[in-house]
Amino acid sequence: MIFLSALTLGLLGSFHCVGMCGPIALAIPLKTNSWLQRILGGLIYNFGRAVTYAIMGAVFGLLGQGLVMSGFQQWVSIIMGAIMIISVLAPSLYKNRFDTEKSVFGFVGKLKMSLRKLFTQSSHTSLFLIGLLNGLLPCGLVYFAIAGAIATGSFFSGSLFMFIFGLGTIPMLLAVSLIGNMITLELRKKLTRVIPYAIVFIGVLFILRGLSLGIPYLSPPEKAMTVPDQQAEEIKPSCCH
């Protein structure tokens, strides 16, 4: 159910991505020899983004795993779910709290310079690298997905959550790369209105998961969310033995 929510967030969020990443998707240097070459190039670019998301998910999933090892799995799931819901219902609480433009300006500037160089090339390697770097660009929707990765409480699950999220964004962005901006701005605005509902829904799922109500697949019992002692021992560094 959690991974299905990642796919849903990716699919719905891709309409938002058309506005944010659409210009990049439109400009990527696809080979125009044939439609097969164009589709392959578009898939390679988007797979690069998904790989970056998976790496990010692994890092933040590892953070969540550390909290699980400390016995905070339920609270992590509840808190992350609550943050998702509050950020949608009361966005003013987060406005002007962090000046992301200033804090990441230098990084984003260097990233864009690297992207410009890659846009002068037309190869599968350059397309993959463009996708990798594109995945690092600041994006509010990705931050929500990262919160989900933390809440999974697992290195592997966090990586898989973010990778599936990335896969969910592929159909729309691939279509943009192949046939241009195929939907009007007005229609895109209407479709992006659904995204907040999806985020709240996913937040509720994580809260239910943390409450351990014993509902199969939705809110597993506490024992099912606890890392077994044997697994915990295997995760510990060998120097600790």
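Reader: How many helices and strands does the protein chain have?

Author: Helices (H or I, at least four residues) and strands (E, at least two) are DSSP runs, numbered from the N terminus. Here the protein chain has 11 helices and zero strands. This is a predicted model: local features need pLDDT of at least 70, side-chain atom pairs count only at pLDDT 80 or more, and totals for chains, interfaces and linings use all residues. Residues are numbered from 1 along each chain as its sequence is written, and side-chain values use heavy atoms, leaving out hydrogens and water.

Reader: How far apart are the end C-alpha atoms of helix H8?

Author: The expected span of a helix is 1.5 Å times one less than its number of residues. H8 covers residues 155–179, so its 25 residues should span 36 Å. Its end C-alpha atoms are 37 Å apart, which agrees.

Reader: Where does H8 bend?

Author: A bend is the angle between axes fitted to the seven residues ending at a residue and the seven starting there. H8 bends by about 40° at Ile-170. A proline, Pro-171, follows within four residues.

Reader: How many residues of H8 are buried?

Author: Buried means under 20% relative accessible area (1.4 Å probe, protein chains only). In H8, 18 of the 25 residues are buried, so the helix is largely enclosed by the rest of the structure.

Reader: What does Val-142 touch?

Author: Contact means heavy atoms within 4.5 Å. Val-142 touches Tyr-53, Met-56, Met-162 and Phe-165, not counting residues up to four places away in sequence.

Note on methods. Buried means under 20% relative accessible area, exposed over 50%, partly exposed in between (1.4 Å probe, protein chains only).
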